[in-house]
Amino acid sequence: MSKKWEVSVVGIILALGGLITSIPFIWMILSSFKTEREALSVPPTLIPNNVTLQNYIDLFNKLDFDIYLYNTMIIVFFSMIGLLLNTMAGYGFAIYRFRYKEILFLLVLATLMIPNQVTMIPTYLLVNTMGLTNTMTGIVLPGLISAYSLFLIRQFMATIPMDLIEAARLDGANEFRIFFNLILPLSKPIISIQMIFAFIGAWNSFLWPLIIANDDKLYTLSVGMSLLKGQYSTSFALQMAGATFMVIPILIIFTIFQRNIVQGFNMTGIK
Amino acid sequence: MSRLIFKISPFIFIGPAILLLFIFSIIPIVMSLIISFTDMDLVGLANWSKVSFIGFDNFGRLFNDPIFLKSIVNTLMYVGIGVPIVICLSLGIALLLNYSTSALFSGFRAIYYMPSITNIVAVAIIWGFLYNQEYGLFNYLLSLIDIEKVPWLEDPFVAKLSLILLAVWKGIGVDMIIFLAALQSIPKMYYEAADIDGANRWQKFKYVTLPSLSFAIFFVVVTKLIGWLQFFEEPFVMTGGGPLDGTVSMALFIYQEGFEYSRFGYASAASFVLFAVIIGITLVQFTLRKSDK
């Protein structure tokens, strides 16, 4: 439909915009291999003169990035458990008919409309009353369920034909076998995208761990990085190494799965 | 026996999620409403009997609090400038990306999406360096064309614009994907029919593309307004609300009152003001859309 030269012009515009968008990333990666001296040089150098890995080593020596990484991985693990609970609930709401179902589902939707700021303070007071401040449980538990993810999964599962489930029941499969062996494989498209988002969310989790963790044994990578920003405020090369360390895993995962992400948005039915 | 299992199985499936949602979402909402009418603070946290109801005092005080009023003005400025820019840019980029489905274009798509999944602290670190007045890249590039050093984060007004720039960079990706998904779902037939009728490019855009995007645009405008009214992370990690409270947003004000000064009652009251603003603006949009049709 469009002429060839037009596509080329559009391509050039997009390339320019893409370059501007990625300047912060390029600058971050290049600076992370510079020495502190070079990072502060005026005029700045683009390509590091002396490539050094010292900044990355310092992340683990001067700061406890190994502990932060470990804590972050624990949060990632629990986010997957949370996703399983979301998926089960999504299935429950999509397939079964039971008492108070509509009211319960409305309640789930209502929580979506409440801004984070409203629930943050009482949730903290609640966690505090339970004696869970400064514990991993206190960090993980309140965020385990995502009403949004539950809702999207329910929407997807509502399209699974009931006949399929009835047939499995007639074959003598119990409800849990049906869920794990039939429904989960069928729901792979929505679950895989939710897994990506759960991973990204857990990997990036910052504010809640910052509020709940007083002890740096519980810090996540993000919290550790904000510490780095405060304590080594002039060590720009070290800061850039920290940022690169945080950002690169996400970019790799995203590059691998980016096709699913776009399809995922198509699935949400916003058209 | 199996009959019983069948009966209770829905509750086994939804039970854990509903229980957690109830404890950590529903109860807090009710608690928040109650707390906002009390003088709950650090003392009250240790000993609940010291907490007393003070009626609407918190709300009265809020509207005499110069920092809260400033945070409202700042938030409106973030929304007023940021939302139109994000929506126009993300729609524009989506229209351009829709020109081709080649690997190159999906590469571009990935690049524009990347900032939106980047950790906010990492973003703060990178942009803090770029915005640095002495050693930052931006001021260096400007010095090449003889522009004086810009106080990116040091001047109350410029700092607001700097935060908006950062938030726009971070915010384009998600909306762009939503618009792109909507664009790709427009049936080719519509354009072919328009071609037969001899429609030119602008007419096709105005009479085919835009109407087909109407729901996507509505969705993005509503979610963007709600999101930007809660503008929080950027000032929180970049400026802490400074300089001179020039970048304090309503959400940041709530956080600071609650978690830095431990005035839980006061902060909860502020959170309900924010909630009321969000509900109000969203209702207006739904009403406008209805009268549109």
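Helices (H or I, at least four residues) and strands (E, at least two) are DSSP runs, numbered from the N terminus. This is a predicted model, in which local features need pLDDT of at least 70, side-chain atom pairs count only at pLDDT 80 or more, and totals for chains, interfaces and linings use all residues. Residues are numbered from 1 along each chain as its sequence is written, chains are lettered from A and ligands numbered from 1 in the order in which they are written, and side-chain values use heavy atoms, with hydrogens and water left out.

Start with the loop of chain A between helix H12 (207–212) and helix H13 (221–231), where Asp215(A) lies. Asp215(A) has 33% relative accessibility, so it counts as partly exposed. The scale is this: buried is under 20% relative accessible area, exposed is over 50%, and partly exposed is in between (1.4 Å probe, protein chains only). Patch residues have over 30% relative accessible area and no salt bridge; like charges are joined within 9 Å, and nonpolar side chains (Val, Leu, Ile, Met, Phe, Trp, Tyr) within 5 Å.

Helix H3 (residues 54–61) of chain A has Asn55(A), Tyr56(A), Asp58(A) and Leu59(A) buried. Seen down the axis of H3(A), the buried residues fall within an arc of 155°, so they line one face of the helix. That arc is taken from the directions from the helix axis to the C-beta atoms.

Chain B carries a nonpolar patch. Ile81(B), Ile85(B), Leu89(B), Phe157(B) and Leu161(B) make up about 400 Å² of surface. Helix H4 (66–97) and helix H8 (156–184) of chain B each give two or more residues. H4(B) gives the most, with 3 residues. Phe157(B) sits in H8 and is partly exposed, at a relative accessible area of 48%.

Now the salt bridges. Each one is a side-chain nitrogen of Lys or Arg within 4 Å of a carboxyl oxygen of Asp or Glu. Over all chains, the structure holds 8. Glu6(A) pairs with Arg201(B), with the closest N and O atoms 3.2 Å apart. Glu6(A) lies in helix H1 (residues 4–32) of chain A and Arg201(B) in helix H10 (residues 201–212) of chain B, so this pair joins two chains. Glu6(A) counts as buried, at 11% relative accessibility.

Within chain A, Glu175(A) bridges to Arg169(A), with the closest N and O atoms 2.8 Å apart. Both residues are buried. Glu166(A), Arg169(A) and Glu175(A) are linked in a salt-bridge network.

In chain B, Asp195(B) pairs with Lys204(B), the closest N and O atoms being 2.9 Å apart. Asp195(B) is partly exposed at 38% relative accessibility, whereas Lys204(B) is buried at 16%.

Technical notes
Accessible areas come from the Shrake-Rupley method with a 1.4 Å probe; for residues, only the protein chains shown count as cover.
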